Amino acid sequence: MRRVSRIAVAGVATAALAVTVSACGSSSSESSSSSSSSGTSKGIGLAYDVGGKGDQSFNDAAYAGLVKAEKDLGVSGRDVEPQDNESDADKVQRLETLARSGYNPVIGVGFAYAPAVKEAAAKFPKITFGIIDDNTITASNVADMVFHEEQSSYLAGVTAALTTKSNTVGFIGGVDVPLIHKFAAGFEQGVKDTKKGVTVKSQYLTQTAAQGGFSSPDKGEAAAEGQIEAGADVVYAAAGLSGQGVIKAAAAHKVWAIGVDSDQYNQAALAKYKPYILTSALKNVAGAVYDLSKSVIKDKKPLSGEIRGSLSNGAVGLADSNPTFKNNATLQAALTKAEAGIKDGSIKVKTS
């Protein structure tokens, strides 16, 4: 058994995810001429978050789940990119177009889709909708796919504390929102619980996603440069596409980066930086996309309600692809202890 939970991004469905089924129904305003009115599926519709496909992180994890579902379930899929400065109405139109075209399930990647998923799901009650990173929608045809990001971030903090030589580490969040606060809180707690006297420098790139916090590698690089110049020798980024800039800066200065969402050590587009990617704090977005698709297309028992991934069900953890990380016996022993504490409740990880 591995000491640290590892989730392959293209990986296996997380059938063990706990499911809480919502009892709320939804009203219908769906057109009777819609090809989706029968509830059958021509495949999977996936609408990306800001940064789009190619971020080597959050969106690419969702895409990996789509690819696996296409292969295993024998269906097609359609994935749609976001537009700059788009409105909720644009997102609604994107989701409704996928539903009207017969795609089922239709999945919004990211909390920004919450208003759009709520509106579209009410209009297409026979279509299953999914949203990743939001649990505010209570409709019988919506699956809220969320994660305990603070738990994997705590382990990232343990890793940073036991790796730093300067006793200064950094956290860079893409946008100053509650979701990213979870990453920051878990990381800082993991550092402080592990090694006294380590300074954590935290920074958010923007106040809103529209300002480019999740989609601007240049902003991530500049922020990382500042933290490294201030002494940080391990930098953890939860910033989507912007995280590529953080990794670039870490490699340029020969310090450690900790990636997020996907196993960034193994991402082809980041290959030239991989000697400086120590690990990545993962959440199995790929498995969430796959499991929802399978429940609709193969099992004919669509998931709904809150579906939350945690260390206990294997849906969050740390990647162990880098041998420097994997073969550090002292670090692995500390991570094993921390993971056990989180699972048994003796370590309660903060979310803000």
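Modeller: Start with one residue. Asn167 is partly exposed, with a relative accessible area of 29%. The terms work like this: buried means under 20% relative accessible area, exposed means over 50%, and partly exposed lies in between, with a 1.4 Å probe and protein chains only.

Biologist: What should I know about the model itself?

Modeller: It is a predicted model, in which local features need pLDDT of at least 70, side-chain atom pairs count only at pLDDT 80 or more, and totals for chains, interfaces and linings use all residues. Residues are numbered from 1 along each chain as its sequence is written, and side-chain values use heavy atoms, with hydrogens and water left out.

Biologist: Where does Asn167 lie, and what is its phi?

Modeller: Asn167 lies in the loop between helix H4 (149–163) and strand E7 (168–175). Its phi is positive, about 60°, although Asn167 is not a glycine. Helices (H or I, at least four residues) and strands (E, at least two) are DSSP runs, numbered from the N terminus.

Biologist: Which other residue has a positive phi without being a glycine?

Modeller: Lys254 has one, with phi near 55°. Lys254 sits in the loop between H7 and strand E10 (256–261). Its relative accessibility is 61%, so Lys254 counts as exposed.

Biologist: Which residues does a cis peptide bond join?

Modeller: Asn104 and Pro105, with omega about 10°. Pro105 is in the loop between helix H2 (88–100) and strand E4 (106–109).

Biologist: Now the whole chain. How many helices and strands are there?

Modeller: The chain has 10 helices and 13 strands. It has 352 residues, and 57% of them count as buried. Contact means heavy atoms within 4.5 Å. Take contacts between residues at least 6 apart in sequence: 72% of these join residues at least 24 apart.

Biologist: How do I describe two packed helices?

Modeller: Two packed helices are described by the angle between their axes and the distance between the axes. Axes are lines fitted to C-alpha atoms, for helices over the stretch in contact, and angles run from 0 to 180 degrees between N-to-C directions. Angles under 35 degrees count as roughly parallel, over 145 as roughly antiparallel, 65 to 115 as roughly perpendicular and the rest as oblique.

Biologist: How do H4 and H10 pack?

Modeller: H4 and helix H10 (residues 329–344) pack at about 150°, with axes 10 Å apart. H4 and H10 are therefore roughly antiparallel. Their crossing is right-handed. A crossing is left-handed if the near helix is turned anticlockwise from the far one by less than a right angle, and right-handed if clockwise.

Biologist: Which residues make that contact?

Modeller: From H4, they include Tyr154, Leu155 and Val158. From H10, they include Leu331, Leu335 and Ile342. By class, the contact of H4 with H10 has nine nonpolar, two polar and one charged residues. Ala, Val, Leu, Ile, Met, Phe, Trp, Tyr, Cys and Pro count as nonpolar, Asp, Glu, Lys and Arg as charged, and the others, Gly among them, as polar.

Biologist: At what angle do H6 and H7 cross?

Modeller: The axes of helix H6 (residues 217–229) and helix H7 (residues 243–252) cross at roughly 40° and come within 6 Å. That makes H6 oblique to H7. H6 passes H7 in a right-handed crossing. Gly220 and Ala224 are among the H6 residues in this contact, and Gly245 and Ala249 are among those in H7. The contact of H6 with H7 divides into six nonpolar, two polar and three charged residues.

Biologist: Next, the nonpolar core. Which members touch the most others?

Modeller: A nonpolar core is a set of buried Ala, Val, Leu, Ile, Met, Phe, Trp, Tyr and Cys residues joined through side-chain atoms within 4.5 Å. The largest core has 60 residues, and Ile132, Phe187 and Tyr236 touch the most other members. Helix H8 (residues 285–297) gives this core its largest share, seven residues. A second, separate core has 21 residues, including Val92 and Val142.
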